[in-house]
Amino acid sequence: MKTYQVEEMAGETPVSRNTVTAKLPWEAATLSTKKEVQARREERLWVRVTEESGRAVYKYAFKYLPSPDRRNEQRTGAFLFMVLADEIEMVKGHVRLGEQHLLRQHELIAQLERDNLPTRLAIELLHQLEDMQALHRLHLSRLLRMAVDSKPSFTISGHPN
C-alpha cells in the first residue's frame, strides 16, 4: 500500500485535498472522491494524485454516468459557476493591481524627468506593464462573457435565479 495526496481540481485550482492509502493511484482517486475515474484528457474538473514517496503525479477525470436525477447536473453547474465567480474576482484584483502599477510607473517617469535622469528603461517597463494590463482586461472580459453565457439553471432556497 502507498500513500497518495489526492486533490480535486477545477482547472488548475485545487478545491479539496485528502491523503489516502491505496495500492494504485486510480484507487486512491476513487476512494477519496467516491466517484469512478478515468484517464484525464482536457476536462475542467479533474483529480490530481501525487504519490508521496516518489512524488509521481497522476491525472484523472471523473467518469460521469448518465443520471435520471438532474440534481447532480445542477450541482455541477452551480459548482462551476462558483469557480467562475471566484476566478472573476481574482482577475478583477489583477486589473486593480495593474492599475496601481501603471499609476506608480507614470509617477516614477515624471520624477525621473523632473530630475533630468534617463527614462528609457522606465518607459520600456511602462509599455510592458500596459501590455500586461491589456491582457488582464481581455481575460476579465472573457470570464465575464462566460458568466453571462452560462448562468446556472439552479435554485437557491427555492428561489429561481
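## Salt bridges, rings and a pocket

Colleague: Where do I start?

Modeller: With a pair of side chains. R120 and E124 form a salt bridge, 2.8 Å from N to O. Keep in mind that this is a predicted model.

Colleague: Where do R120 and E124 lie?

Modeller: Both are in helix α3, residues 120–149. They are four residues apart, about one turn of the helix.

Colleague: Is R120 buried or exposed?

Modeller: R120 is exposed, because its relative accessible area is 55% and exposed means over 50%. E124 is partly exposed, at 39%.

Colleague: Why would side chains pair like that at all?

Modeller: Side chains of opposite charge can pair when their charged atoms come close.

Colleague: How many salt bridges does the structure hold?

Modeller: Eight. One of them joins the side chains of R48 and E7, at 2.7 Å from N to O. That pair links distant parts of the chain. R48 is in strand β4, residues 45–51, and E7 is in strand β1, residues 2–10. They are 41 residues apart.

Colleague: And E7, buried or exposed?

Modeller: E7 is buried, at 7% relative accessibility.

Colleague: Which residues are linked in a network with E7?

Modeller: R17 and R48. Together with E7 they are linked in a network of salt bridges.

Colleague: What about E36? Which side chain does E36 meet in a salt bridge?

Modeller: That of K63, with 3.9 Å from N to O. E36 lies in the loop between α1 (25–33) and β3 (37–39). K63 lies in the loop between β5 (57–62) and α2. So the pair ties together parts that are 27 residues apart in sequence.

Colleague: How accessible are E36 and K63?

Modeller: Each counts as partly exposed. E36 has 43% relative accessibility, and K63 has 37%.

Colleague: Let's zoom out. How many helices and strands are there?

Modeller: Three helices and seven strands. Along the sequence the pattern reads β-β-α-β-β-β-α-α-β-β.

Colleague: And what share of the residues counts as buried?

Modeller: 27% of the 161 residues of the protein.

Colleague: Switching to rings. How many aromatic pairs turn up?

Modeller: Zero, in a search of the whole structure. There are charges over rings, though. The charged end of K35 sits over the ring of F62, 4.8 Å from its centre.

Colleague: Which ring does the charged end of R40 sit over?

Modeller: The ring of W46. The charged end of R40 is 4.0 Å from the centre of that ring.

Colleague: What is the lining like by class?

Modeller: Six nonpolar residues, one polar and three charged.

Colleague: Last topic, the backbone. What is phi of R55?

Modeller: Near 60°, a positive value in a residue other than glycine. Most residues other than glycine have a negative phi.

Colleague: Where is R55?

Modeller: In the loop between β4 and β5. R55 is exposed, with a relative accessible area of 54%.

Colleague: And what about phi of N116?

Modeller: N116 has a positive phi of about 55°, and it is not a glycine. You will find N116 in the loop between α2 and α3. At 70% relative accessibility, N116 counts as exposed.

Technical notes: Residues are numbered from 1 along each chain as its sequence is written. This is a predicted model: local features need pLDDT of at least 70, side-chain atom pairs count only at pLDDT 80 or more; totals for chains, interfaces and linings use all residues. Side-chain values use heavy atoms; hydrogens and water are left out. Ala, Val, Leu, Ile, Met, Phe, Trp, Tyr, Cys and Pro count as nonpolar, Asp, Glu, Lys and Arg as charged, and the others, Gly among them, as polar. Rings of Phe, Tyr and Trp (its six-membered ring) pair if their centres lie within 6.5 Å; planes under 30 degrees apart count as stacked, over 60 as edge-to-face and the rest as tilted. A charge sits over a ring if NZ of Lys or CZ of Arg is within 6 Å of the ring centre and within 35 degrees of the ring normal. A salt bridge is a side-chain nitrogen of Lys or Arg within 4 Å of a carboxyl oxygen of Asp or Glu. Helices (H or I, at least four residues) and strands (E, at least two) are DSSP runs, numbered from the N terminus. Buried means under 20% relative accessible area, exposed over 50%, partly exposed in between (1.4 Å probe, protein chains only).
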